[in-house]
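Please open the model in your viewer and keep the selection panel handy.

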2 protein chains.
Amino acid sequence: MGGRCSSSPDTLRIYSRDYWPLALLKEVKGEELPLPIAVAWPESLEEVVKLVKLCNEYRVPFVPYAGGSGVIGATICERCLVIDVKRMNKVIHLSEEDSYVLVESGIMLRKLEEFLNGRGFTLRHFPQSYPEAAIGGLIATKSVGQYSTKYGGIEDLLIDLEAVAPDGGVIPLRRNIVPRASTGPEIKSLLLGSEGQLGIITKAALKVFKIPPFDYKNSFAFKSFEDALMAVKEIVQSGLTPAVARVYDEDDSSVRFGDGRDLLILILEEYSKPLLEAKVSEIGRIISRYGGREAGEDYVEKWLEKRFDVISELKKLVVPMGLWFETIETAATWSNLIKIHSKFKEIKKMRGVYAVLAHASHFYEVGACLYFTLTYEADEKVYWDIWREAMRVVLENGGTISHHHGIGLLRREWIFSEIGPSLDYLRRIKSALDPRKLSNPGKFLG
Amino acid sequence: MGGRCSSSPDTLRIYSRDYWPLALLKEVKGEELPLPIAVAWPESLEEVVKLVKLCNEYRVPFVPYAGGSGVIGATICERCLVIDVKRMNKVIHLSEEDSYVLVESGIMLRKLEEFLNGRGFTLRHFPQSYPEAAIGGLIATKSVGQYSTKYGGIEDLLIDLEAVAPDGGVIPLRRNIVPRASTGPEIKSLLLGSEGQLGIITKAALKVFKIPPFDYKNSFAFKSFEDALMAVKEIVQSGLTPAVARVYDEDDSSVRFGDGRDLLILILEEYSKPLLEAKVSEIGRIISRYGGREAGEDYVEKWLEKRFDVISELKKLVVPMGLWFETIETAATWSNLIKIHSKFKEIKKMRGVYAVLAHASHFYEVGACLYFTLTYEADEKVYWDIWREAMRVVLENGGTISHHHGIGLLRREWIFSEIGPSLDYLRRIKSALDPRKLSNPGKFLG
């Protein structure tokens, strides 16, 4: 490994956390976080295999690491070897003819997008972590991006992957890249959302798209959050799929846009103008039917500008005031969204909580994701009180504990309430793949 | 179980095969097929659990059975207890508001579609086995339907499922039906394509759609199979997604339509007329650019009429002549499709082979499914010679051994060539869930 391994205190400190707000809070307050024992930066599949086999031989737990932009503490692993795949960052093959790209897992999403853009293509995957996320981590977290309503989550882009199993064996790409196969259960789907517990992702084949030449941007104000949601429901179910739809409640649009109304932001993208125009006019009809009124392109531009740095924006606001922040995302079917929204907003009555903003993003035929941004007293007890109440509200009102951030250390307590005895079967699978219990131990798969 | 269990010779014979053409051929020739020891028809989750627990107690292998319409011998299991879920056939809940339906796994697809149609909804899943398939089997096979280009495969419709694990424990639905979640690896994806090896599916929550009120049907003749494929590629990649696209090569369209040209059949469906019209006009422009000429609606109507009974049609033709037939489906990226098509067609030079028809159906951004129909001498040696050559051709030229029929007894020999050492990890997972090796043993997961 040459010098590509370190256990210097500075390095260990850097790798002691991801972007989990509680870990950041602890760091700011000078509290200690669990430290890894070393960090290694392999440069090839063979080096990852060697590292994992060494870990197996010496019973050293290990945790994969890529961008480090997760928000749930999934990479925090006491006395583990951190295997950072960041130097495995090549584009192996772009097939312009077949619209896919094969990459090493450590490639930064931003770098991949820039590479693709230079050739007229795009991955169209824009999570808020865009500037810092890497492909392997996005797959392991089961990420979605801001354009997911049209382009899907990472699971819809992922054609195949290669991984190193927890015992050091290789889970290879299938022999041929194919659009779809019925060849038994797909092991790639176990790596999706595995958060480093079932292996280290080393390569990924992903769909890419030609950059759509025509677009439309607008925003609309509604009389209520519900009206706006129901308009988007009809838009999505009518196959008029926008690339981006975001419905902000009054509080959220006040803070973000200085406009205290329920706002819908919309971006469409198409490859032909007539198709775009037909969609825009149909969407316009639906929006008027739900009482929506045009609110102009400016809000869209403002959102586009700030969409990747909400966290740092919030930090500027809250840190000097002794406050802290958290985002909590859930998803639910249409009929449960309003209930969850209104019950969740009651969290702002809790002691130490100052604001609960909400918007809906990521729309599906059967429902949507609700995304809450909370500001509260910078205190760990307040933090966990909020989380306990939030998870109770979503679970009891039809939501999931996570739409796209994942479980990590943060949500371990609630995973059984959501998936029940499936957890025991998933744990058996972990044991079968990781008999020595070395792959990111201490997380929800044990 | 009352009288809902039988080991009468007639019953065992009925359950000794599915629609695997080799099994049918053996039956016609009077050869013996492996027999189960008994068949049980449970009526509830609790009864399935009880049966599986009894099997575990007495070390009796078992195999789930639903419609019995598979074509790969996946339900053939010597001296197994067949657990036929056909009587678990209720619609538990249709949410018109949220566009999903929760059903028991034994419900016939046709019955479910009729139920939904009566309420203005549709599953839009039309495999050729439509008249006889049941939901549980479609999930276990990883089925696609004729309208998949727009509506996706069964994996895109499946929101969640309940299953009885091979040890008799329950893998429940998650607490809430949600459109998407990032709560770790999803166990439902292991059941997709599991072919009865990882548990018995007992319930499924599936997306449904309102019946689209506007449609467009047409067919087009092209100068070559490749031109037609490239036209569909551009149509699909431009987001003009047709519900149905089928490209027939000259031989296939001769037999099916009496028109010896490369034919494209197209069906579009939309919820609004202006959107449909915009799409039709854009598609028309693309088709002309690739030299396609309108060939009229009649071929579409003819296809719609016969689309579910091709097998029986073929049987009428070939059986009296001492011939037999098989269908072989693969999928590949665009750049490999033509190569596979032309190499595969050479199979017709093999001894005992009389015809190799081909069409492409099921289109994706990165490629498509090729579907071959073969007629040959009704002889088992000829049968396996064809299969060996077919699998060599697809594997060596970028295809998958199965796009939607699955592995079963038929393709066991080639699964390792396609997925490599992933197979060993999948087998470990099977052992972890099925420690007594009782769940459909003898198939590719061991």
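Start by selecting B:Thr327 together with B:Thr373, its bridge partner in strand 18 of chain B. A word on ground rules: this is a predicted model, where local features need pLDDT of at least 70 and side-chain atom pairs count only at pLDDT 80 or more, while totals for chains, interfaces and linings use all residues. Residues are numbered from 1 along each chain as its sequence is written, chains are lettered from A and ligands numbered from 1 in the order in which they are written, and side-chain values use heavy atoms, with hydrogens and water left out.

**Strand 16 and its partner**

Now widen the selection to residues 323–333 of chain B, which form strand 16. Helices (H or I, at least four residues) and strands (E, at least two) are DSSP runs, numbered from the N terminus. Strand 16 of chain B runs antiparallel to strand 18 (residues 367–377) of chain B, with 11 bridges between them; two strands pair if DSSP finds at least two bridges between them.

Is strand 16 of chain B buried or exposed? Of its 11 residues, 11 are buried, so the strand is largely enclosed by the rest of the structure. Buried here means under 20% relative accessible area (1.4 Å probe, protein chains only). Show the side chains: one side carries residues including B:Phe325 and B:Glu329, the other includes B:Trp324 and B:Ile328, and both faces are covered. In a regular strand the side chains alternate between the two faces of the sheet.

**A five-stranded sheet**

Next, pick out the open sheet of chain B with strand order 5-6-10-8-9 and antiparallel pairing. Its edge strands, strand 5 (91–95) and strand 9 (170–171) of chain B, each pair on one side only. Zoom in on B:Leu94, whose bridge partner in strand 6 of chain B is B:Val101.

**Between the chains**

Finally, show both chains. Chain A and chain B bury about 7100 Å² between them, 57% of it on carbon and sulfur atoms; this is the accessible area (1.4 Å probe) that the two parts lose on being put together, summed over both. In chain A, the residues that lose the most area to chain B are A:Arg180, A:Pro185 and A:Tyr425, together 12% of what that side buries.

Notes
Buried means under 20% relative accessible area, exposed over 50%, partly exposed in between (1.4 Å probe, protein chains only).
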